[in-house]
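Q: I am new to this structure and would like to learn how to read it. Could we go through it one feature at a time?

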Amino acid sequence: MMTAGAESPAGNADTLAEAQIVESIEFWMRAYPRRWREARGQELVDVVVDLAGPGARRLDPRAAFDLVRGGWATRWREHPLPHNWLLYRMVDRRIPVAYRSWALDDIDGFWYPIRRFLGSAWPVFAMVLITSPSWGFGERPVWSLVMVALMVVSSMFIRPAGIRSQARLKHVAPRFGEVPVEGALVPGDVPRQRVTARSGLTWAGLVLGTTGAASVVAALLAPKVVLTKFQLNRPDMGPGFGWGSVVAPMGGHRVVAVAILLVALGFGALGAVAVRRRLGRLLGERLDQPYRALRPVTASGKAGILCSAMAMMGLIWLEVSGQIVFGLSVVPGTVALLLLPGALVARLVTRGADAHDLAGRDVWWIATRGRVPRIDPPARGLRPQPGPGPEGVLIQPHGPTDPPYRATP
Amino acid sequence: MRITEQGYLVLLSLAEQPRHGYGIVGAVLELSDGATKLGAGTLYGLLDRMGDAGLVEASGEEVVDGRLRRYYRLTAEGSAAVVMETARLRALTHRARTVLGTRVAFAGS
C-alpha cells in the first residue's frame, strides 16, 4: 500500500531519488566480496541511504571512497595467507577452513576457470614461451603468445560447471570431524541444471548459422587449396607407396567445396523434417522432471559461443586472405549446416507456452533418438543444511558415493 | 585487537544500549562532540573486526520504514574491553595533567 507522501509529486520525487542513490551505492559496494554483500549488503545500503540524507540522488565522493576502501579492506582481511593461497591456486591444495567462504566466492566468480588454469598450468606456458623459437616460431614469436592466449581463453569454456562443482565439493564442503550446523553447505543431491530449450536453441542457431555462413563464404572466396597426390612406386622413392602435397589455386575445387556444404545443408533439411515429426509426436508425452532446474544459457556460455564464433571468423579470414590454404573451415561448416535446419525447426516448434519447461537436452534426445527423454537423476553438489545436525553427529569420513577424493581430518 | 579511537567510540556507543548502524554513527558523532563522523564503510569494517574479536555481536533486526535495522550489542569481552580502555585513557589523562600541570594552570588562568 502506498503512503500519502509517496502518492504526491514530492513523494514520487523522493522515491525516484532513493532508487537512484541505491543504484549508486550498489555500484560502489561491488568493492565488497560477494558473500559479504549477500549477507549484509541490504543493511549497508540502508545505512548509507540514511547517512546521505533525504533527496540525495548519488553518493558524494567521500562516501563513495569510504565504501570502496571498506570493501577492499574487507577483501584483504579475508584473503588467505600467501602460502595458503599459493598452494590452493597452484596445486589445488584444500583451502584451510577459515578461508572456506573466500573460496566459495572465488569458485563462483566469473573468471574462476581462467584463474585456476593459469595457476596450475603456468609451467606449461613458461615452457611454451621459452621453447617456442625451436618450433620455428622464432621469426614470429607472436604466434606462441597467440597460442598461449587461445589456451587460456579456451579454459573458460571446457567444463566450467563441472570444474566449479568439483571445486565446491573439495574446498567448501564440511570436512571429516566437523559438526554440521544449520545453513552450512553440505554435500547432497541437488537439482540438475539444464539449459532451457528456447535459450539453448536460440544460441545454437546463432553459432550454427554463423559457422555455416562463414564456411560458405570461405568456399566461395578462398584463393588457395592444398592438393595431395598419392602415387605407387614413385621414381624418386623406389617401390612402395608415397604422396606429395602442393598448394594450388582453388579452380574447380571450389565447386566441390560448395557442393559438400550444400549437400550437408540438404541432409540437414531432411533431418529437420524428421525432427519436426518427432517433436510433434513426443513433446506432449514427456515425463515430469522432479530433479531438474532449468536456466537460460549462462553468461560464460554466451561468452564461449561468441568466442567460438570469433575464432571461426578468424579462420575464415585467414583462408579468404590466402594466409592459409582453404580446407579447415569445411569441417565445422559441414557439421553446422547439417545441424542448422534441425535447430531452426526445433526453435519454431518450441515457441509455444507448453514448452516453457522444456530443456535443450530434451530436444536433442527426441531429435536424435526418437524417444521420450529419460528422467534426469539429481546431481551431486552442495546444499544448505536444513537444520542443526543431531547432537554429537560429525561429518563422516569418505564413503563410496562421496566425491572422488578423501576428506582430510 | 588494538582499539583505535574510532573503535573506542563505537564500543562506547554500544555500552549504553544496543544500536543499529545509523544509530551508532549518530552516537559516535555526539560522543566525539562532532569531531568523528563515521562513514558506512569505516563503521562496518570496525564492526567486522570487533565481531571477529568477540567484542560485539548482532542482537536482532527489524524493518523500520522499509529499512533493515540490524542491532549490535557489546559482549562480555566487549564490555570489559571498553572499561579497560577507559581506565587506560583515564590514567593517560592523569599523567598528561601531571606533565602539563603548570602549563594547564597557566592556560586556564
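A: Gladly. Let us begin with an idea about strands: two strands pair if DSSP finds at least two bridges between them. Please keep in mind that this is a predicted model.

Q: Where does a hairpin occur in chain B, and how many residues lie between its strands?
A: The hairpin is made by S2(B) and S3(B), with two residues between them. Strand S2 covers residues 56-64 of chain B, and its pairing with S3(B) is antiparallel, over eight bridges. In the turn, B:Asp65 has a positive phi of about 50°.

Q: In what order do the elements of chain B run?
A: Starting at the N terminus, the order is α-β-α-α-β-β-α. That gives chain B four helices and three strands. Of the 109 residues in chain B, 28% are buried. As for how the chain meets itself, take the contacts in chain B between residues at least 6 apart in sequence: 42% of them join residues at least 24 apart.

Q: What are the corresponding values for chain A?
A: Chain A has 14 helices and six strands. Buried residues account for 23% of its 409 residues. Among its contacts with a separation of 6 or more, 79% are between residues 24 or more positions apart.

Q: How many residues does helix H12 of chain A have, and what distance does it reach?
A: A helix is expected to span 1.5 Å times one less than its number of residues. H12(A), residues 299-320, has 22 residues and reaches 31 Å from its first C-alpha to its last, close to the expected 32 Å.

Q: Which residues of H12(A) are buried?
A: A residue counts as buried if 20 or more other C-beta atoms lie within 10 Å of its own, and as exposed if 12 or fewer do. In H12(A), the buried residues are A:Gly304, A:Met312, A:Ile316 and A:Glu319. They lie on the same side of the helix, because they cover an arc of only 115° around the axis. On the other side, A:Ala299 and A:Met310 are exposed.

Q: What do the buried residues of H12(A) pack against?
A: They pack against two helices of chain A, H10 (197-221) and H13 (330-349). Just after H12(A) you will find A:Gly322, which has a positive phi of about 80°.

Q: Is A:Gly251 buried or exposed?
A: A:Gly251 has 9 other C-beta atoms within 10 Å, so it is exposed. Look for A:Gly251 in the loop between strand S4 (241-249) and helix H11 (253-282) of chain A. Its C-alpha is 9.0 Å from that of A:Val225, a residue 26 positions away along the chain.

Q: What confidence values come with the prediction?
A: For chain B, the mean pLDDT is 89, and 93% of the residues reach 70 or more. The model as a whole scores ipTM 0.86 and pTM 0.65.

Note on methods. Residues are numbered from 1 along each chain as its sequence is written. Chains are lettered from A and ligands numbered from 1 in the order in which they are written. This is a predicted model: local features need pLDDT of at least 70, side-chain atom pairs count only at pLDDT 80 or more; totals for chains, interfaces and linings use all residues. Two residues are in contact if their C-beta atoms, placed from the backbone, lie within 7 Å. The arc is that of the directions from the helix axis to the C-beta atoms. pLDDT is the predictor's confidence in each residue, from 0 to 100.
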